[in-house]
Structure formats: C-alpha cells, structure tokens
Amino acid sequence: MDSISSRIAEVNPSLTLAVTNQAKAMIARGEEVYGLAGGEPDIDTPDHIKAAGIVALQEGHTKYTAASGIPELREALSAKFKADNNLDYDAKQICVTAGAKMACFNAILAMVEDGDEVIIPSPYWVSYPEMVRLAGGTPVIVETKESNGWKMTPEQFEEAMTPATKMVIINSPSNPTGAIYTEDELRAIGEVALYEDIAILSDEIYEKLIYGEAKHVSIASLSKELYDLTITVNGFSKAYSMTGWRLGYTAAPPAVAEAIGKIQSHTVSNATTFAQYAGLAALQGDQGFLGDLRGEYDTRRQFMLARLQAIHNVRVIEPKGAFYFFVYTGQLGIKSQNLCDKLLSRYKVAAVPGIAFGYDEGIRLSYCTTLDVLNEGLTRFEQFCREH
C-alpha cells in the first residue's frame with residue numbers, strides 16, 4: 001500500500017521521543033546512560049492523586065464521560081483559572097483532553113484551514129509545526145535571538161505576517177529555552193495580533209515551574225479583546241508529574257470551545273475517565289507538592305547553570321522556567337544531530353538536538369534527573385566540548 005496521506009508524509013517523527021527511546025534501548029542492553037534528554041518530571045505522581053485514580057476505578061468510573069470532561073473537573077478548572085490566572089472561563093468553555101499535546105492539536109485543528117499560516121517562534125516545541133501541517137496549514141518560523149532571551153519581538157511578529165496568517169503560538173514558559181515573556185512583552189505582541197485579528201494559541205503547560213523573581217502571565221488576562229482571540233492550553237503532566245495519565249485542557253471563547261468539543265467527540269470521545277478524577281484531586285488537594293517540586297528543580301537548575309557557564313566553548317542564557325537549558329553549541333562547529341549522536345554513542349550522555357526545535361546550533365539539556373546523574377552527565381559533556 002503506497003497511498004499514505006500527503007499530510008502524513010510531510011510530518012517528521014518526534015526527535016525528542018526518538019532520543020529517549022534510543023537511550024532506553026541502550027539501558028536495556030546493560031549500558032549506563034546519563035539521560036539529560038527527558039521531558040518529564042523524574043518524581044512520581046503524588047500519592048493522593050494516585051489514590052484518587054484508584055478510588056475512581058473501584059467506584060466504577062470506567063465508562064464514557066461527556067466529550068469535554070466530567071462537570072466536576074471542568075468547574076474546578078474554571079476556579080483554577082480565576083485564582084491562578086485572573087481569567088473568567090465558564091466550565092462550558094473548557095475541554096479536558098488526553099494530554100496538553102492533544103489540547104494544542106485540537107485548538108489548531110479547530111482554527112486552521114488549508115492554506116492558513118501559523119507563526120511559530122523558534123526554538124519551538126517540536127510538535128507545533130507538525131500539528132499545523134496535519135491541519136493543512138503552513139508553519140511560518142520566526143527565528144528568535146539568543147541576545148533577546150530566545151523571545152519573539154513584536155517587530156519580528158509583524159514582519160512575518162501575511163494576509164494568510166491565522167494564528168500565532170506563544171509558549172511561555174518555553175520548551176526548550178525556559179524563556180518567559182513578561183507582561184509588557186505579551187502586551188506588545190497582543191497589540192499586533194489584535195490589529196490583524198490573529199488568533200493566539202497560548203501554551204502554558206510549564207506555568208507552575210518558574211524560578212526566582214519571574215512571573216507567569218496569561219496573555220488572555222490582559223484585555224477582553226485578547227481574551228476573545230486566545231485559546232489557553234495547559235495540563236497536569238509537568239506540574240503534577242502526571243505525564244502518563246494523559247490529561248490536559250483547553251479554555252477558549254465559546255464558539256471555539258464548541259468546535260474543540262466536536263473534534264474530541266469524534267476522535268477520542270473523552271479523556272480517560274479515572275484520570276479525570278485524579279486530576280480533580282490534583283487541583284483540590286494539598287498544593288505543597290508544587291513548592292517542593294519547584295524547589296528541587298531550582299537547586300538542579302542553579303547547579304547546571306554554574307557547570308555550563310564554566311565550559312568556555314558553549315553559551316547558555318539562564319532559563320527562568322520549565323526544566324531545560326538550551327545550550328548554544330555553534331562554536332563547536334558540529335550540527336546538532338551529529339553532536340548528540342556522538343555524545344550518546346561515545347560519552348553515554350543523552351541530549352536532544354536543536355534541529356528538533358528549529359535551531360541547529362544548539363542542544364536541549366534537561367535537569368529532570370538526580371544531581372548525581374546531572375553531575376556525571378555534565379562532566380562528560382564538558383569533556384566532549386574540550387575534545388571538540
């Protein structure tokens with residue numbers, strides 16, 4: 001059979017998952033690998049959340065739910081948006097999805113048609129351009145600069161626009177750079193979007209993982225006009241260490257929310273039922289876990305920053321959020337895929353090539369691992385840099 005859809009043929013597989021799978025295969029063969037490629041917390045889901053999932057199973061919550069999620073969870077998410085983000089979303093505007101990845105895709109599919117352009121700042125999360133292609137749209141990549149903290153300026157946004165521009169994607173805090181847009185920066189970008197009536201997909205999955213004096217701002221909270229243009233995406237994977245539970249959500253203006261609900265009803269029907277009850281427990285239970293998680297990651301972040309700044313032929317900007325460093329490796333004179341292949345095969349350190357994020361002179365390193373693994377992995381990375 002050679003009749004694969006042209007849209008699928010144009011889509012690239014996820015390099016982040018490929019690196020992770022390659023490292024796991026090496027470990028299964030008995031090799032010692034220092035994994036700095038991970039995109040998920042290394043800490044287990046809190047016990048009270050797991051217990052809620054178990055209770056839900058025992059109580060028979062194993063059937064279909066409404067496509068957009070159980071009412072209790074949507075109401076709790078509405079309260080969360082009000083308390084955390086100063087956003088008034090009715091429960092009907094919220095759709096619970098099988099992960100924030102699906103939330104992003106649902107939002108893109110609801111808005112983007114054949115020929116529409118979607119502006120994506122790079123370095124970008126690996127799946128954004130592929131999702132746009134799957135929806136029939138064209139990703140328009142805006143290359144941000146290290147000197148500007150890896151953030152798109154309103155001038156760059158305006159220059160990239162054409163009459164075909166339908167949407168812009170903002171990911172703050174960012175994967176892979178850890179960059180956080182300030183309120184002023186978001187207002188300036190929002191003004192451009194408003195002038196041309198361009199939809200905004202605001203991916204806020206890392207909002208709880210912010211360090212120092214940095215603050216998270218939801219662009220939809222800045223004005224009624226921006227609220228009406230924005231689809232806000234979030235999820236439970238990063239903050240509550242629930243990656244395998246596959247639980248995310250969108251919040252959108254009513255017409256878009258209805259469209260997203262339709263998509264969900266014809267694809268997965270609903271997010272896993274017992275996982276939704278676990279998500280409810282995550283929102284309503286003790287939030288002390290978040291502070292502990294953030295504190296642990298901040299310790300690792302500062303350790304990693306000091307180690308990377310000591311390597312003379314790479315550069316880093318301090319990430320203010322998420323759990324990654326995007327390391328500029330252009331001085332090494334090696335393309336990112338080749339660099340990561342050598343780093344893994346010869347030095348047993350797993351990293352993600354920057355080309356996966358649209359920037360070939362850098363790599364992503366994650367601190368979702370123990371300090372011991374970080375220490376040895378960075379020692380080996382430093383040795384690699386000295387020898388190249």
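In what order do the strands of the open sheet of four strands lie, and with what pairing? The order is β9-β10-β13-β12, and the pairing is antiparallel; two strands are said to pair if DSSP finds at least two bridges between them. Strands (E, at least two residues) and helices (H or I, at least four) are DSSP runs, numbered from the N terminus. The model is a predicted one, in which local features need pLDDT of at least 70 and side-chain atom pairs count only at pLDDT 80 or more, while totals for chains, interfaces and linings use all residues. Residues are numbered from 1 along each chain as its sequence is written, and side-chain values use heavy atoms, with hydrogens and water left out.

At the edges of this four-stranded sheet stand β9 (315-316) and β12 (352-353), each of which pairs on one side only. Strands β10 (residues 324-328) and β13 (residues 362-366) run antiparallel and are joined by five bridges, with F325 opposite L365 in β13. Helix α12 (residues 288-309) packs on the sheet and touches β9, β10 and β13, contact meaning heavy atoms within 4.5 Å. The direction of α12 makes about 10° with that of β10; axes are lines fitted to C-alpha atoms, for helices over the stretch in contact, and angles run from 0 to 180 degrees between N-to-C directions.

A further open sheet has seven strands in the order β2-β8-β7-β6-β5-β3-β4, with mixed pairing. Its edge strands, β2 (94-97) and β4 (138-143), each have a single partner strand, so one side of each is left without a neighbour in the sheet. Neighbouring strands here are turned by 20° against each other on average, direction ignored. Within this order, β6 (residues 199-203) and β7 (residues 230-235) pair in the parallel sense over four bridges, and I200 stands opposite T230 in β7. Helix α10 (residues 254-265) lies across β2, β7 and β8 (248-251), running at about 30° to β2.

T165 lies in strand β5 (residues 165-171) and is buried, with a relative accessible area of 11%; buried means under 20%, exposed over 50% and partly exposed in between (1.4 Å probe, protein chains only). Leaving aside residues up to four places away in sequence, T165 touches E117, I119, A160 and I198. D116, in the loop between α5 (100-111) and β3 (117-122), also counts as buried, at 13% relative accessibility.
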